[in-house]
Amino acid sequence: MKRTLAVVSAGLSQPSSTRLLADQLAAATRDELVRRGAEVQLHVVDLREYAHDVVNNMLTGFAPAALREVVDRVTAADGLIAVTPIFSASYNGLFKSFFDVLDSESLVDRPVLIGATGGTARHSLALEHAVRPMFAYLRSVVVPTAVFAAPEDWADGTADGALRGRIRRAAGELADQIDRRPPAGGPADPFALTTDFLQMLGRGDGAPVS
């Protein structure tokens with residue numbers, strides 16, 4: 001069975017510890033889904049590449065073509081991994097702005113794994129008081145284990161033992177949620193007809209229209 005996994009990273013620097021955490025969460029989730037017999041396609045989104053498009057979308061109400069493609073991939077995925085750096089005890093503005101431009105119904109019942117990075121482990125609670133409530137508002141299904149990584153959690157660009165264990169546990173929870181759902185459909189067609197031609201003419205009984 002084919003599964004799609006969207007990975008959204010809101011890191012601003014390059015290289016980025018936020019992107020590093022997102023990649024390791026994605027790899028662990030992919031490996032777990034493959035172990036269960038799925039064919040997995042990853043869609044990785046570095047939001048820093050679309051920052052201007054996100055702002056333009058907020059100002060005009062219309063997504064530029066490149067951002068529209070990203071939005072479609074994120075909202076059509078079977079599961080989502082969303083990782084943000086923590087600034088001033090909350091997600092950064094780019095992370096929030098991207099999810100603000102999505103349709104409010106687009107992530108309903110979507111399995112989501114949340115992660116964050118910060119300069120100190122004291123920021124880890126931001127996942128529970130800021131990031132998780134945002135996805136609860138969007139009515140997504142956020143897995144129980146949220147993954148926070150501080151600088152001391154990395155050893156030469158690799159997750160240390162404790163962080164590695166949290167990544168594996170969260171990836172397993174996300175794979176469980178994806179596995180119990182049918183494959184997600186594609187993005188909704190805004191031009192698709194929701195009523196047949198007779199209903200549009202005011203006839204719903206199937207009788208010939210004179």
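Reader: In this predicted model, how does Ala 89 count by relative accessibility: buried, partly exposed or exposed?

Author: The relative accessibility of Ala 89 is 36%. Buried requires a value under 20% and exposed a value over 50%. Because 36% falls in between, Ala 89 counts as partly exposed.

Reader: What is phi of Ala 89, and where is the residue found?

Author: Ala 89 is found in the loop between strand E3 (79-87) and strand E4 (90-91). Most residues other than glycine have a negative phi. Ala 89 is a residue other than glycine with a positive value, and its phi is near 70°.

Reader: Which loop holds Asp 109, and what is phi of this residue?

Author: Asp 109 is found in the loop between helix H4 (93-100) and strand E5 (111-117). At 42% relative accessibility, Asp 109 counts as partly exposed. Its phi is positive, although the residue is not glycine, and is near 65°.

Reader: Is Ser 106 buried or exposed, and which residue provides the backbone oxygen that lies 2.7 Å from its side chain?

Author: Ser 106 lies in the loop between H4 and E5. Its relative accessibility is 16%, so Ser 106 counts as buried. A polar atom of the Ser 106 side chain lies 2.7 Å from the backbone oxygen of Asp 103.

Reader: Which peptide bond is cis, and what is its omega?

Author: Most peptide bonds are trans. The cis bond joins Gln 14 and Pro 15, and Pro 15 lies in the loop between strand E1 (2-9) and helix H1 (17-35). The omega of this bond is about 5°.

Reader: Which element gives the most residues to the largest nonpolar core?

Author: The largest nonpolar core has 36 residues, of which Leu 80, Phe 95, Phe 98, Phe 99 and Phe 135 touch the most other members. Two or more residues come from each of E1, helix H3 (65-76), E3, H4, E5 and helix H5 (126-137). The most, six residues, come from H5.

Reader: Which residues does Phe 95 touch, leaving out those up to four places away in sequence?

Author: Phe 95 is one of the core residues that touch the most other members. Beyond four places in sequence, Phe 95 touches Ala 10, Leu 47, Ala 82, Val 83, Thr 84, Val 131, Met 134 and Phe 135.

Reader: How many residues form the second, separate core?

Author: The second core includes Leu 33, Ile 81, Val 83 and Val 143. The number of residues in this separate core is 24.

Reader: How far apart in space are Ala 146 and Ile 167, C-alpha to C-alpha?

Author: Ala 146 lies in the loop between E6 and strand E7 (147-149), and because its relative accessibility is 16%, the residue counts as buried. Leaving aside neighbours within four places in sequence, Ala 146 is in contact with Ile 114, Leu 127, Glu 128 and Arg 132. Ile 167 is 21 residues from Ala 146 in sequence, and the C-alpha distance is 8.7 Å.

Reader: What should helix H6 span at 1.5 Å a residue, and what is the distance between its end C-alpha atoms?

Author: Helix H6 (residues 161-179) includes Leu 163, Ile 167 and Ala 170 among its buried residues. The expected span takes 1.5 Å times one less than the number of residues. For the 19 residues of H6 the span should therefore be 27 Å, which agrees with the distance between the end C-alpha atoms, 27 Å.

Reader: Which element has the lowest mean pLDDT?

Author: The protein averages a pLDDT of 89, with 86% of the residues scoring at least 70. Strand E6 (residues 141-142) has the highest mean among the elements, 98. The lowest, 52, belongs to helix H7 (residues 197-200).

How values were computed. Residues are numbered from 1 along each chain as its sequence is written. This is a predicted model: local features need pLDDT of at least 70, side-chain atom pairs count only at pLDDT 80 or more; totals for chains, interfaces and linings use all residues. Side-chain values use heavy atoms; hydrogens and water are left out. pLDDT is the predictor's confidence in each residue, from 0 to 100. Helices (H or I, at least four residues) and strands (E, at least two) are DSSP runs, numbered from the N terminus. Buried means under 20% relative accessible area, exposed over 50%, partly exposed in between (1.4 Å probe, protein chains only). Contact means heavy atoms within 4.5 Å. A nonpolar core is a set of buried Ala, Val, Leu, Ile, Met, Phe, Trp, Tyr and Cys residues joined through side-chain atoms within 4.5 Å. A polar contact is a pair of N or O atoms within 3.5 Å; within protein, one must be able to donate a hydrogen and the other to accept it, and residues adjacent in sequence count only if both atoms are side-chain atoms.
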